[in-house]
Each structure stands twice: as C-alpha cells, then as structure tokens.
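Subject: Structure handover and findings

Hello,

Please find the structure below, with the sequence alongside. My notes on what was found in it follow.

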Amino acid sequence: MSDTTETTESGPVLSADGTPLKRSLRRALRAQKMRALALIAPLLIFVLVTFIAPIADMLFRSVENQIVSNTLPRTVVALQDWDADSGELPSPEVYEALYDDMFLAAEAKEHTRLGTRLNYEQTGISSLFRSTGRGVDDIGEDHVDALEDLDEAWEDEAFWYTLMTGGEGAEPNTALLEEQRRRLADLTSDSFAGEIGFVPGQAISELLPQTARAYTAFALFTVIADEDVVAEEEPWEAVKVALIQDLKAGADVAGYDGPGAAELVAAQQMVADLPPIDFKAAFLAEDEDWGAIENWKTIQVYSPEFTSGYFLNAVDMQKGPDGPEARPENQQIYIMLFQRTLFMSLVIMGSCILLGYPIAYLLSNLPVRTANLLMILVLLPFWTSLLVRTSAWKVMLQQQGVINDTLVWLGIVDDASRLVMINNQFGTIVAMTHILLPFMILPMYSVMSTIPPSYVRAARSLGATNWTAFWRVYFPQSVPGIGAGSILVFILAIGYYITPEIVGGTTGTFISNRIAYHISSSLNWGLAAALGSILLAAVLILYWAYDKIVGIDNVKLG
Amino acid sequence: MIQPKPVSFVAPVVGAAGAFAGLLVGTAQGVPLLGVVAGAALTAALAFLWLEVFRKERIARWITFLGFGVAGFAIGGLMGGVIGLAFGWLFGWFIFWLGEGRYRAKLPPYTTPLQVFYHFLFRVICGLIFFFLITPIVVVMPLSFNAEDFFTFTPEMLRLDPAGYSLKHYRDFFTNDDWQQAMWNSISIAPVATLLSVSFGTLAAIGLSSEHVPFRRPIMAILISPMIVPLIISAAGMYFFYSRLGLQGTYWGVVLAHAALGIPFVIITVTATLVGFDRSLTRAAANMGANPVTTFFRVQMPLILPGVISGGLFAFITSFDEVVVVLFVGSAGQKTLPWQMFTGLREQISPTILAVATILVTISILLLTTVELLRRRSERLRGMSPG
C-alpha cells in the first residue's frame, strides 16, 4: 500500500488498471470521439452519396466537354495543326479522318448528339451533321464497287473474317481490340466489354493498319450493339474504303503469305489504276457547309476535353479566336436574368422585413398565451403545402380572380380594365413574399423575445421619446434577428423555381426557371450545370455568412 | 383611467368608421357618395342615441346587431343579412368600447391620446398583415365547393344559394385515376423517405451532440446543406448523377432524393431536443448495468421522442410537398400529388386542385397541432415551463 502511494507521488498518476491516468484519459476520449463519429458516419455517407456526389457531378458537367473528342477522335487530332486564321480549309487528311470518325458515329447514331452539342455554339451544325450522317456511306462508292466487281470474295463475310483474323493460329493483336473497345465505349457511353469471337491478327494489322482498325470497330459493334455474329455479317463500306486507302498507301501485300494474300495482290493492282478517293470533295458534295471555315473553327475550339465555354455562355460571352468575347446584344440574356433574380430577391427580402418586423414585435410583446394563439396564424401558412399557397395566389391574382372581382364589385376598378397582377413581376413578388414571410418572422421573433422590456422602459424613464427609445435602444438589439431572417429569405428566394414558374409569366421568372428549361427542354445540360454552379456559388457564400453570423445549429423550426 | 368618454369624441370617431363601412356598401350598390354620408350619419346618430339617451348596453347592442342584420337582408338578401349582422355587432361593440373608455384598459394610465392612437394604428397594421398571411389559404376553402368550374366566386355562391355549392371537385379527386394514382404515389414515397431520414438522422444527431466530436462544424454544414442548396440545383445534380447510376425514374431514386432533403429537418429538431438532455441519466442507467442499446431505447429515446417525431413530421411534409426534385428524378410512374397539382396549374386548370388544396390544408392543420402538442410535452418532460 505504501509502495503504491510512493510511486504515485514520484511518478505519473495511475488509473485503476495501472496505466498512467493521462494515457488512460486520452484513450477514453479517443473512444468517445470514435463512438460519436461511428454514429454520424452512416448519415454522412448517405448524404455524401445521395446529395453531395450529385452536386459534384453537376459541377463537373459544367466544364466537361468530352463529346467532341469522343465522337471525332481522329479528326480532333488531325485538326490540331490546322491554323484557323489562315483562311484555308483543313487539309485532305482531316477530311479522311472525319470520314472514318463520322462513319462509326453514324452507325452508332451518336453524330446527332454531337451536332446538337455544337449547335449551341454555331447555329446550323446540327443539320450539317444530320445530313452528313445520312449520306456518309455513299462516299467512295465507286471505288468499293470496283473492288467488289473485281472479286466476289470482297462481298463475302467469311472471307473478310478469315482475312482479318490472319487464319488459324495467327498471332492475335489484342492491343488493337482493346483500343477499339475503348473508342466505342467513349463514343456511346455504353460498356463494350465481353467476348466477341474475333481478334485481329498481328501480321494483317501491321500490313493493313486502317483496315484492321475499321474492321475491329465493325466487329465490336456488330457483336455487342447489334448482337450478331461477326463472321456472318458483311463489313461496312468504311472497312472497304479503309482497305483501298491502305492498298493505295503502298502496303507490301506481295510479301504477305496469310489467307487472302492472292486477292490482296489482285486488288492492289486494280486500285493502283483508280484515282485516289477525294474525301474533301465528297464531303462538300454531301453538304457545302463542310466548306465553311466557321464550322471547322467551332469544332477546333471545342475539341479539348474541358471547356470554359458553358461558363462563358452563362455570363453572355463566347469563345472567339482571340479569347473570350461578348455575345451579340440580341443573344445576351443571362446577365439580365441574374440581375433580375438578384433584384427580385432583394425586393422580396425587403418586403418580408417590412411586413415581418411589426408581426415579430407584436408577438414578442404580447402575453404568452395570446402570442401563441397568433403564432398559429404565422405557422399555418408555413406548414401549408407550397403548391396550395401558390395555387391560392393564382386564384387571388387572376384577371377573373378574387381580388379583381372584389375590386370590380366595389366599383373601384372598371370591369373592362381589370388589373394585370399575375404572370409578371408583381405576381411573383407578392406570392413569394407571402410564402417566405414565416421564414422572416420566426428568426426575428426568437431574437426579439430575448430582448428585456426593462431597457426600453429605462430609456423612457430617462426622458427618451417613444421613437428614440425604439430606434436607439430596441432596434439595435433586434438587428441580429433581421440579419438571420434576411439571409434565410434571400437564400431561399434566389433559388425559387415553382412559384415563379406558375405566377411569373415571362417577366417574373428567375434564373432557376432557365436552368430547368435547359435541363428538360433544350437539353443543353452543360449550360444548365454552369448556370447552376454560379447560383450555387452565390448561395454557398450566403450560407457561409449565415453560419458565421447566426451559426447553422441555431436554426429554429416552428 | 377607465372612464366614460364624451359623446363629442365618440360620435365623430364612430361616424368615420361608419363612413368607411358606408363606402363599401354604397359602392356595391352603385351610390358611393350616398353610402358615405348615410353611413357616417347613421352610426354617429346611433352613438349619440346609445350613449346619451338610452345607456343600457346589453339591450342597445342587441338592437344594433339585429337592426343592421334586418337592414342588410332587405338590401342584399341572405349574404347582405350576414354582412349586416357582422356590421351590427361591430358597431354595437365599438360604440360602447369607445364610450366607456375600455380601450385604455390595458394601457398605462400616463399614455397620451396620440400614443393611444399610435398603439391602435400599429395593431390595425398588424391585423392587415395577418390578413395578408391567412386570406389566400382561407379563400381556397369555400372556392373548392364551387359548383362551377371557375376559380372565382359565382353570384350563386355570394347569395349563399345551396345550388352554388357542390362536392363535385372532391368527387372528381376521389374517382379520377390520375389523382388517385398521384395520391398513392405520394403515400408510398413519403413514409419510406421519412423512415430513412429519421433513422439515420437521429443516430447522427446523438453523435453530433456528444461533447467531443471532431470536425463538428464542417460535418454539420454538410448535413444541413440539402436545406440550403436551391432545390433546382439539387434536382439538376440528382438528375445527372442518378441517370448515371440508373436510379433516375425509379421509385428508389425518388425515395433516396427525398430522404436526403428531409435529413436537415431531423438533425435540427433532434439536436435541439438533445440540448436540454441530462447526460447523467444515461450514465445512471449504465451504472445500474444497462448496456448501451438498452440505455438508448429505455432511457434516452423516450425523452427525445417528441423531437424525433416532430423531425419526422417535418421530413414527411418535405417529401409530401416536394415537387422540383421529383419532377426531374422521377418519371411518370412516380407522379406525386404536388406534381399532379403543378401540371394542373400549368396546363389544364381544374378546380379539383382547390379541393386537393383544402384537403392538404386540413392535413397541415392536423400536423401543426401534433407538432405543437409534442413541443409542449417535450418541454414539460425536460422540466422547462410550457410556452
């Protein structure tokens, strides 16, 4: 017993089990922290997955622009060296790459999506892509016919299959297969994984690189998207065109001894007599817009995988040859919409302060019982469905609505000149003030009910007038309530969608209505995401301010 | 200071109020000027009569009440009679309230007449604001019984003619497949979403309210954010993200989205309840040998239950009332009641919406009462004075 006492005095304090008390306490604290985190973790993960991840996804979408390089991968690479300011059209190689990309995109029906996307930047591209997608398989028709006339083997599915596999036991080129898998997966956003019963041969893909590439893409698409068998389907025109290009480029078919070698030699001799395929002329024949430098410029400007284009668009600017520039006057709407959203939110906030302050003052100065009774009048609108309140305002404000009818009945307004109170800014402001008023009254009330009445009484007894006592003593103490309520109302107002949509008409709509329009009607998701990101940034700054001023855990409901 | 006031003060004031009432009645009859003069003269004369000649309050007020009612009935039929009775009661009360000086009863004796005037002016302004708050909701109710397909009062309704009223919009709501489907969707989505947010939210709120929580503020900010981020942004993000996961247009997609939106309300109400929670109670239970699970269900849960339930009600109403997110995340198969109302308001205007609105207001009144009772019970349990 005396030993322990001595160690305790000289050494560190020990807990019951002999460990130093400090460590034991630290361990207990850590255990407590871990327990708290373990309780929070499920919800935190839930919110992160169901809520924060979608928001992050939206932010990503506002800069993402992979559709151009996914749909036209070779064109984008070939176009890199083109100088848009030279005033000349891109080189024939670019048109050849475009043929290769366009053919596959048209087979996968992805060219219209890209057309729609680029149409946001340059009007007319959508129809250009659409018409080209229809006619792209006619390009090089004469050459393909000549090839097929030479030897019927070029129309035979089984011959093509053996040719491209390189025969039994040939060394496979899995790298090419995987490369084409990725290309198709990027293009269609579907998975192209799975066994397709075809691997290009190593030797043949070195001999005929373009053909092997095109045939592998064809094989993957046939098996996975169309669910057919490769060996039983005749290859696309694009494969045959690629073969002609390979042969024309001087592939050394004479030195090849795999299956189909003889047909290849014969084909090369025949092809040598034909003129080269003029892709540029062919595209211009499909649609003369392929000769417009503007269109090529757009494709080049929007070819990087990430773009600031959506954000520029969201602030009424666009990408020009020399960096960002303002859009033409008649296309500028977003700055105006943001200003209107801001202005109307401020007006709504102001009218909520004007109407909420007297009510909060009255409630906090009445006897508790009466105040609770009157509080029901504030809480009932708060608890009533938003749609109910909005439809109520529609009923009230319409031209044939309750207010107009009452005014006409009283003879204040002539029946022929009923007031227009809906489908404009007035309607939105009135309805939203009504809807958000409880959010102003409740924080004000909770602050005002903590102000001791003795201060005002003291001021009065020291000789202050009613007004001075209120303005110099009471009002400063109620400012935190005004601040809390204002930020809350402003945050809620700035992102409102339903009420402006129903009572706002065209002049009373907010930026959120435009976002909804871009998601569901114009399908310009990138622009919707960019507008949303700007709005979100504004709200988060206010949220941060609210947290600093009021503290987010001090929010009270009801 | 409650003392009778001279009739020279009461009669002009009552006359002014009477002029205003006369203006209303007069304009409705097409003779505004006559209405003003007649109203002022009549009410001022009444004030003089009751205060100077026949000062028997009870009988005088009855006579005013019934007399105005009969006069109203003679001018404007049944509705006129009702309005007349209201005016009669009002003026009978007003004359004696002023004449006996009762209006000063609750004011300090030293207040000057001007201060008294401001005091009542303030009250009147507050009354108008309350009127603004409550009228839209009240107006919807009688309109939902409209026999016509109008969004406004018909002459029959104003005459209180039974033919002007009908239950047909309610019948439409209960027999129309669209509305019924929407109602069942709402009923099947909201409770599941509520259950999710309440169970996760309560656990997290208990974790958050313990003394040592690392990163408390950022965690709180993340958990509250679904309430702060504008719904259209949440909806857009969820639409994009849930499409990638294949949840877009499915029942579970909507439930998860609604659960996320309801969580802040559960967190806020439950942490507020836990602020007053006495931790020595759980320690005492543990001391007596109860394991943490028993302690939670037998000691802590009953005490914080009111907060949990009102948080759950908030979460329920959030899901039940939500339209923006379901509009984007859901497909036609998840069409909820608010969604149906929204399309109804935007496209085909049908007064069935008003019937639905009335039903929803009734439900909100019930919920509001429940929450209020729970709040009082919670404060009683925690030893606070019932507010």
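Is Arg213(A) buried or exposed? Arg213(A) is buried, at a relative accessible area of 16%, which puts it under the 20% cut-off. Before going further, please note that this is a predicted model, and every value below is computed from it.

Salt bridges in chain A

Arg213(A) has a salt-bridge partner in Glu179(A), with N and O 4.0 Å apart. Glu179(A) belongs to helix α10 of chain A and Arg213(A) to helix α12 (residues 209-225) of chain A, so the pair links parts of the chain that are 34 residues apart in sequence.

Salt bridges with shared partners connect Arg74(A), Asp100(A), Asp101(A), Glu179(A), Arg183(A) and Arg213(A) in one network. Over all chains, the structure holds 18 salt bridges.

The interface between the chains

Three salt bridges are counted between chain B and chain A. In one of them, the side chains of Asp57(A) and Arg244(B) meet at 3.0 Å, N to O. This pair runs from helix α2 (residues 21-61) of chain A, where Asp57(A) lies, to helix α9 (residues 231-245) of chain B, where Arg244(B) lies. Asp57(A) counts as buried because its relative accessible area is 8%, while Arg244(B) is partly exposed at 45%.

As for the extent of the interface, 93 residues of chain B and 91 residues of chain A take part in the contact. The two chains bury about 8,500 Å² between them, and carbon and sulfur atoms give 81% of that area. On the chain B side, the residues that lose the most area to chain A are Phe130(B), Ile228(B) and Phe240(B), together 9% of what that side buries.

The rule for polar contacts finds 10 residue pairs across the interface, with both residues at pLDDT 80 or more. Within the side of chain B that touches chain A, helix α4 (residues 113-143) of chain B contributes the largest share, 15 residues. By type, that side of chain B consists of 72 nonpolar, 14 polar and seven charged residues.

His434(A)

One residue to look at in this region is His434(A), in helix α22 (residues 425-448) of chain A. His434(A) counts as buried because its relative accessibility is 0%. Its side chain reaches across to chain B, where the backbone oxygen of Leu133(B) is 2.7 Å away. With neighbours within four places in sequence left aside, the contacts of His434(A) are Arg389(A) and Trp393(A) in chain A, and Phe132(B), Leu133(B) and Pro136(B) in chain B.

Nonpolar cores

The largest nonpolar core has 157 residues. The residues with the most contacts inside this core come from both chains: Trp383(A) and Ile498(A), together with Ile232(B), Ile267(B), Phe328(B), Leu337(B) and Met341(B). Beyond residues up to four places away in sequence, Ile232(B) touches Gly495(A), Tyr497(A), Ser512(A), Ile515(A), Ala516(A) and Leu535(A) in chain A, and Val324(B) and Phe328(B) in chain B. Another core, of 76 residues, lies apart from the largest one and includes Ile67(A), Val144(A), Trp154(A) and Ala251(A).

Val13(B)

The last item is Val13(B), in helix α1 (residues 7-29) of chain B. Val13(B) counts as partly exposed because its relative accessible area is 30%. Not counting residues up to four places away in sequence, Val13(B) touches Phe94(B) and Leu98(B). Val13(B) and Ala44(B) are 31 residues apart in sequence, and their C-alpha atoms are 8.1 Å apart in space.

Regards

Terms used
Residues numbered from 1 in each chain as written. Chains lettered and ligands numbered in written order. Predicted model: local features only at pLDDT ≥ 70, side-chain atom pairs only at ≥ 80, totals over all residues. Heavy atoms only, no water. Contact = heavy atoms within 4.5 Å. Buried area = accessible area lost by both parts, 1.4 Å probe. Polar contact = N/O pair within 3.5 Å; in protein donor to acceptor, adjacent residues only side chain to side chain. Helix = DSSP H or I, 4+ residues; strand = E, 2+ residues; numbered from the N terminus. Nonpolar A, V, L, I, M, F, W, Y, C, P; charged D, E, K, R; others polar. Buried < 20%, exposed > 50% of the residue type's maximum accessible area, 1.4 Å probe, protein only. Core = buried A, V, L, I, M, F, W, Y, C linked by side-chain atoms within 4.5 Å.
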